[in-house]
Amino acid sequence: MRQYFIRRALLVVPTVLGVTLLITFLLQILEGNIADLIYAESATFNQELTKEQIEDDLGVNDELLGSRSLGIFVQWGEWMGGVAQGDFGEYFRSRRSVGGELENRIPVTLELAGLALFFSLIIALPTGVISAIRQDTLVDHTARSFSIFMLALPSFWLGTMYFVVVGRWDDWGLPQSIGDWLLPPSIYKDVWQDPEANFRQMWAPAMILGFALAGSVMRLTRSQMLEVLRQDYVRTAWSKGLRERTVVTRHAIKNAFIPVFSLIGVQITILVSGSVVLERIFGLPGLGLMLIEAVTQREYVAVQGVLLVVAAFVVITNFLVDMVYSLLDPRIRYA
Amino acid sequence: MAVREQAIPLEAFEAAGPPAWRRWLAGCLRFARRKPLGAFGALILILTVVVAVFSPWIARFPYAEPHFSDALQSPNGTYWFGTDSLGHDFFSRMVIGSQVTVLVGLGTVAVAALLSVLVGGISGYLGGRVDMITQRVVDVWVALPPIFLLITFLSVLGTGGNGFLGLGRGPDVALDPKDGDWIWYTFFRSSVVIFSLGIIFAGYGARIVRSAVLAVKENVYMEAARSLGASNVRIMLRYVLPNIMPLIIILASVNLGAAVLAEATVSFLGFGIQRPFPTWGGLLDVDGRVYGVGHEWLSLIPGLAIFICVYAFNMLGDALRDVLDPRLRGGR
């Protein structure tokens, strides 16, 4: 077990480092005049900003062994050195700290993703189990076609339609109290400041994101359940004369849920990706919106910061899921 | 060679059965009977391609022609899908936009297949240190959520001077004003979108191709070929490639729905092919999201079009996978 753990842990570090190098490289293949462009655009925001500062931030003049193209390693080393000390650099224009901004944004995305995961499991696990124990009945067919629809239904369309439908709550004669829940004011409220206002803003996007996940979770739960129900020990449980409820909850569910748990590692990627779209539609200031803002304003230091945080989050989550999975199912360790 | 000359000529077999097109048709009908949903998917795909190819003739108005006095009309006899806030005919914009769905969808799948065969094939075939390093690169490749990488790609390649390789020059310049109806009008931007999406999808494909190549490598005929002195390139092209071909077809067809969805997503976020050329995702954003309240058709129509295409292509991909290689069923 320890050996497996160490081997997997050693793979996490080069992956995250590789991602940061890739990002730095990607941002460096821009033409050299990017500093001019940012300088020209920044005139209206920050008069004191000089072109040298921008070039310095971007590291366009860094050299290694007398070569400008190898300079990206210098720039990468400097940036990583800063990150290791908790300094993610600054925005070009406002000179705000990127690290501070990340601190504000991460909880929003985490809350959205966590709520969405919660909703998706609440929907998917029971329907998956019921659909398996009532295989080929009307319930099963309904649940399965529902899950296939969920897989193809784009969350950005659901989000848009939410506003189109709910935007007219006034015309439908709904009272103000319900309207407040359907269409809360768009100024974001922190969960520690005002939990109720925060939840009003969060439940709809989390629900939509949860729907997108529920389809695949339901399908996997169903197929795993079906497989487990055919196992010998389940037949033994039946022949002992146990009630259906006991067979399903005590004997079948536990083993069926293990692979479903490993799917969560994959889900994290979908969750974080989906949060970009929903944060934009619902105006939630999370990591996704930060990336869109940074990318359109060419704040590349901030782009680097967001991508590093997201990559580290995804890689580490996958690592943890693998570890817990191998604890739950000993067969994995020796594969 | 002598053996081949003595063999019964191929025509003898063909003459015995019904002609080739009859057999092909029968095969299609059998597919449709066994997989009705897959056949529905194929039908939608053909329909979309036909609409896209003939879109400049199907469109009832030039897609960028404003009719200010008719702005935001609901669907009626003149404007079948209504009009947007500037009085553009929404039907024409949807029809022209189908070119993006078809070209970017198929192009992405093709680029992804090519790249994943190249990377996965070489990595799996050569093995050893090359494989180790390639696999670590692929790990990095798939570590980031696709949409984050896409947004960064598309904005970096699309702005700032001429961008990478001169491909991303801001808004595209029309090659010729009368070509405006065709997607070639956005040649630079659409190739950037296709390659960015293709590169992302190839990361996942490379892993699958690699494991398939590893399995093929174990066969005895590979050893036979090598002992006959066949070169690496010859073995790869004549022995490995034909054996993983079904897998590549499956990979491409399963990816098609996802590629269309990804294109619509980046267009919705404003990083796809740029206005004035219409895309379904862009129409859903600029018209549907902004003007949708009270003008439901603006968000219903493009969203429904994306949904039907993604659903149909997914069904087609699943059906093809089941028919071509039942071992891959399940999962997902």
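**From one helix to two chains**

Start at A:Gly86, which comes after α4(A) and has a positive phi, near 80°. This is a predicted model, where local features need pLDDT of at least 70, side-chain atom pairs count only at pLDDT 80 or more, and totals for chains, interfaces and linings use all residues. Residues are numbered from 1 along each chain as its sequence is written, while chains are lettered from A and ligands numbered from 1 in the order in which they are written.

Helices here are DSSP runs (H or I, at least four residues), numbered from the N terminus.

Which residues of α4(A) are buried? They are A:Ile72, A:Gln75, A:Trp76 and A:Trp79, buried meaning 20 or more other C-beta atoms within 10 Å of a residue's own, with C-beta atoms placed from the backbone. They cover an arc of only 100° around the axis, so they sit on the same side of α4(A); the arc is that of the directions from the helix axis to the C-beta atoms. An α-helix has 3.6 residues a turn, so residues three or four places apart point the same way. On the face turned away from the buried side are A:Gly81 and A:Ala84, both exposed (12 or fewer such C-beta atoms).

Now over to chain B: it has 13 helices and zero strands, and 45% of its 332 residues count as buried.
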